Amino acid sequence: MTLSARGLVCDYGPTRALDRVDIDAAGGSILAVFGPNGAGKTTLLRALSGERRPDAGEVTLNGAVVSGSDPAWRARVGLVSHRTGLYRKLTVGENLAFFGALHGINRDRQMAVRVLDEVGGADLADVPVEKLSRGQRQRAALARSLLHDPDVLFLDEPFTGLDPGGASTLEAMLQARREAGTVVVLVTHDLERGLKLADRAVVLRRGRRVLDTESSGREAEDLLPFFTAGGTRVQ
Amino acid sequence: MMSLRWARLIAWKDLQVEFRSGGRLLAMIAFVVLACFLFALALDRSLVPARNVAASLAWLTILFAATTGAGRTFDTEEEDGAFRHLLLTPVSRHAIFLGKSAANLVLVWIVTILAFVALTSFLGVRDAGSIARHGAVLLPGTIGLAAVGTFFGLMSRHSSLGDTLLPVLTFPLLVPVIFFGATASGRVLTERPWAEISGSVRLLWAFAIGFVAVGSVLFRYLAEE
């Protein structure tokens, strides 16, 4: 399974957020996307997931064009972002049951507990989201993204606010998804952690892909020159 | 059938969230009670018989309260970015529109009942007419209000003008609903025969169905980037 993008262009008014970006993310691997603020990382994620219709170019899965307007594609996508996307007044279990039901999954409490257990949060099922810490919320959001066993998982700064325990749980979960053959696309500012986890690394700058490389053997310092125009190394 | 199931899930979730937080509903209820009280104070009943104006005042109160509530329809969706995740589920956009409109309709019905009870009490109107006939008039009218409020509630979220834009967008569209609704309710209050009311009710149903149908089709263009 391969998720590809060819010639992706996304404009916000006069600003070009993505400029003819090509990307390939293979199943059973993790693709990390890096770049300075405003490089277009989140826009790329939105275009790949189908949340935003690109102004030009296309996204394909195994050669077939996919689009956010296709419910079958949306059913195969999971997303974790720095905002949890949970309803604060509902318990974690109710949130999972709601999103699970929208994916056609049986709405029982056991299902919620089972998925929460995968992310180390089995005791959170009956707690209202508004009572959770930032790290606990992120675990619950992670559980929500895994409910429907997605083929493609997008993560936008998922480590934000996670304590060391939560971060290592997330890392273990990503490794497990990779072993299960999932396409994982990870957007992060954390170069060291991203390089450690990923099989490939892409750097975007001003909407353009300026580096696409194997991540093994790469250090954070190797990528920093690509963050600035002209490849000047950032001190 | 799947869309109706999804709509029911979304409506139930919205109502659960609303009844636990209560912010929007409390604001609507407070508005209705205060508005009805002020209308009753401002009306010189020695010049204008209360029964003749109660229906119009009730419909205006419902319109303003529904608009107040509609402006916050998507607050809980935006709070932690849940709407983004809702749109990424396989749920059809018209199911989201129908579900959120249905939840809004329940809230509008609560304030509608309150508005009629408050106004008839404050204005001293006795024998307010058949409850069934009031219901027959109010049902299509409030469906129209809820559908228009839901649609433009999302549009106003995308605008830098926010909630201030909402009345400007919704009031012109809702002129026929208010006109035929107030006319029909006024006739129910004054216990006129159903034959004089049914024409307005049919028109209210036509507007309600039209608003729901058009909103369902166009909602996806608002919801998706």
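## An enclosed helix

In this predicted model, the buried residues of helix α3 of chain A are A:Val92, A:Gly93, A:Asn95, A:Leu96, A:Ala97, A:Phe98, A:Phe99, A:Gly100, A:Ala101 and A:Leu102. Because 10 of the 11 residues of α3(A), which spans residues 92–102, are buried, this helix is largely enclosed by the rest of the structure. Its buried residues pack against elements of both chains, which are set out here.

| Chain | Helices packed against the buried residues of α3(A) |
|---|---|
| Chain A | α4 (109–118) and α5 (134–146) |
| Chain B | α1 (2–21) and α5 (82–87) |

Just after α3(A), A:Gly104 adopts a positive phi of about 80 degrees.

Between chain A and chain B about 3000 Å² is buried, 54% of it on carbon and sulfur atoms. Of the area that chain A buries against chain B, A:Arg74, A:Tyr87 and A:Leu102 supply 23%, more than any other three residues. The contact involves 33 residues from chain A and 29 residues from chain B.

Within chain B, the axes of helix α8 (residues 165–189) and helix α9 (residues 198–223) come within 9 Å and cross at roughly 150 degrees; the two helices are therefore roughly antiparallel to each other. The crossing in which α8(B) passes α9(B) is left-handed. Among the residues that meet there are B:Leu173, B:Val177 and B:Phe180 in α8(B), and B:Leu203, B:Phe207 and B:Phe211 in α9(B). The residues of this contact divide into 10 nonpolar, 3 polar and no charged.

Terms used
Residues numbered from 1 in each chain as written. Chains lettered and ligands numbered in written order. Predicted model: local features only at pLDDT ≥ 70, side-chain atom pairs only at ≥ 80, totals over all residues. Heavy atoms only, no water. Axes fitted to C-alpha atoms, helices over the stretch in contact; angles between N-to-C directions. Helix = DSSP H or I, 4+ residues; strand = E, 2+ residues; numbered from the N terminus. Parallel < 35°, antiparallel > 145°, perpendicular 65-115°, else oblique. Left-handed = near helix turned anticlockwise from the far one by under 90°. Contact = heavy atoms within 4.5 Å. Nonpolar A, V, L, I, M, F, W, Y, C, P; charged D, E, K, R; others polar. Buried < 20%, exposed > 50% of the residue type's maximum accessible area, 1.4 Å probe, protein only. Buried area = accessible area lost by both parts, 1.4 Å probe.
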